[in-house]
Amino acid sequence: MEQILLKARQLYAALQNRKLPTYEREILAHVEASSARILGIYGSRGVGKTTLMLQWLKKQNLPISETLYISCDHPAFSDIDLFDMAQYFEQYGVKVLVIDEIHQARGFEQALKSIYDYLSLKVVFSGSSAISLTSPDFSRRFSMFALSQLSFKESLELQYGMPLPVLSLTQITESPMDHAVEIIQALGHRKVLPLFDAYLQKGAYPFYFEDPGNYQQRLADTINLVVQMELGSLFHIQHDKIDLLKKLLVVICRSQPLELSIEKITTSVELSKPTLYKFLNYLERGELVRQVPHELKKYKTIRKADTLYLYHPNLFSALCLAPEIGTLREAFFASQLGRNHRVEFCDQGDFLIDETFVFEIGGRGKDFSQLKNQTRPSYLALDGMEVGSEPKIPLWLFGFLPA
């Protein structure tokens, strides 16, 4: 264990020379405000968990001898017992331990419980989005924070170095014109509609800003790593089934959501229904697929299949050449609202939000014909529109909801 500590300190010292972005994600303030002794940050590969934790660590203003960072995907820390390591580190003065990629360590769930029960050092760990539900004890024992892909607002802030407002759903639905004008004025000469079109294709994963020209390839590589290394390892998926998961993603990418039936997918991917449902659950937990349930699914006597989307619009550009624009719009809306709201689909309109508001998604020429019999508060979320007026709301404005 002495050699492990030495190696950890060497790698950590080298990491001190890494230049961190000055831009801070919204969630960082919430992590800072938490008084919990063990904090977890989970999210898809590539969303910026490592950067967030290093920014948090820098803000602690502790001597370097009292802090330590390790990443469980480094060969030096493979096959180690996390509890034994943390206990040893604590004995040698470490007060704050940051553990990256914790899902790569064997027995990490039990190790975290033991650290919580028997040690006093503070631990901040990150892991795959899929670990957030593997154990009920996570939410009971630890403060867990979800880090999502960059919202449209965050992507613009990171790209142009300007602060932009966060809007609640109420603000968007009640005063869309006022808030749209405010943002357009803040953007100056930059036109919001081309920026939004670009965001649907790229810029939701922070590594875009490191190498924009290679974004689609890096995103495709990220998808492969999530399927093979994270989902395959966490859920013990047989090697010959990994390719079926990838094929399932391509089928979803190439199909319009409402055209996808369980029967069609099982035929295309050659999976039984029970296996298909299981695989869709894995892909959703890995933030590659989003399953939007019908509003009546809560009633067990009514069977309605979920509507399937790729988790974020950017994933379409990495998996198929010509995705439907309507599908991209709906996937965007679901990705932004799905962070903090209940999202369901309904028969009159596209989405039901928080069991209260109905939204129909479309281009600027769409009218209210599909909502004419809707008795609940209803809105059009329209692409190709700079400034709307309630109940016609620019689709891009939903990218300014809290991240």
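This is a predicted model: local features need pLDDT of at least 70, side-chain atom pairs count only at pLDDT 80 or more; totals for chains, interfaces and linings use all residues.
Visitor: Which residues touch the most other members in the largest nonpolar core?

Guide: That core holds 129 residues, and the ones touching the most other members are F89, F333, W396 and F398. Helix α12, which spans residues 239–254, supplies the largest share of this core, namely eight residues.

Visitor: And what does W396 touch, apart from residues up to four places away in sequence?

Guide: With those residues not counted, W396 touches F152, A180, I183, I184, V192, L193, F196, F332, M385 and E386.

Visitor: How many residues are in the second core?

Guide: The second core is separate and has seven residues, including V358, L371, L380 and M385. M385 is also one of the residues that W396 touches.

Visitor: Switching to cysteines, how many disulfides does the count come to?

Guide: The count comes to one disulfide, and it joins C253 to C320 with an S to S distance of 1.9 Å.

Visitor: What is its handedness, and why?

Guide: The disulfide is left-handed, because the torsion about the S-S bond of C253 and C320 is about -65 degrees.

Visitor: Are those two cysteines buried or exposed?

Guide: C253 is buried, with a relative accessible area of 3%, and C320 also counts as buried, at 10% relative accessibility. Burial is assigned here because a residue under 20% relative accessible area is classed as buried.

Visitor: What about C72 and C346, buried or exposed?

Guide: C72 counts as buried at 5% relative accessibility, and C346 counts as buried at 6%.

Visitor: New topic: where is K202 found?

Guide: K202 is found in the loop between α10, residues 192–201, and α11, residues 215–234. With a relative accessible area of 35%, K202 is partly exposed.

Visitor: Which residues is K202 in contact with, leaving aside neighbours within four places in sequence?

Guide: Leaving those neighbours aside, K202 is in contact with Y208, Y215 and N314. As for distance to A318, which is 116 residues apart from K202 along the chain, the C-alpha atoms of the two are separated by 9.8 Å.

Visitor: Back to α10, then: at what angle do the axes of α7 and α10 cross?

Guide: The axes of α7, residues 152–160, and α10 cross at roughly 105 degrees and come within 11 Å, which means that α7 is roughly perpendicular to α10. On the α7 side the contact is made by F152, S155, L156 and Y160, and on the α10 side by V192, L195, F196 and Y199. By class, this contact of α7 with α10 has seven nonpolar residues, one polar residue and no charged residues. F152, V192 and F196 are also among the residues that W396 touches.

Visitor: And how do α13 and α14 pack?

Guide: Helix α13, residues 262–269, and helix α14, residues 273–285, pack at an angle of about 95 degrees, with their axes 10 Å apart. That angle makes α13 roughly perpendicular to α14.

Visitor: Which residues make that contact of α13 with α14?

Guide: I262, E263, I265 and T266 of α13 make the contact with K273, L276 and Y277 of α14. Those residues divide into four nonpolar, one polar and two charged.

Notes: Residues are numbered from 1 along each chain as its sequence is written. Side-chain values use heavy atoms; hydrogens and water are left out. A nonpolar core is a set of buried Ala, Val, Leu, Ile, Met, Phe, Trp, Tyr and Cys residues joined through side-chain atoms within 4.5 Å. Buried means under 20% relative accessible area, exposed over 50%, partly exposed in between (1.4 Å probe, protein chains only). Helices (H or I, at least four residues) and strands (E, at least two) are DSSP runs, numbered from the N terminus. Contact means heavy atoms within 4.5 Å. A disulfide is a pair of cysteine sulfur atoms within 2.5 Å. Axes are lines fitted to C-alpha atoms, for helices over the stretch in contact, and angles run from 0 to 180 degrees between N-to-C directions. Angles under 35 degrees count as roughly parallel, over 145 as roughly antiparallel, 65 to 115 as roughly perpendicular and the rest as oblique. Ala, Val, Leu, Ile, Met, Phe, Trp, Tyr, Cys and Pro count as nonpolar, Asp, Glu, Lys and Arg as charged, and the others, Gly among them, as polar.
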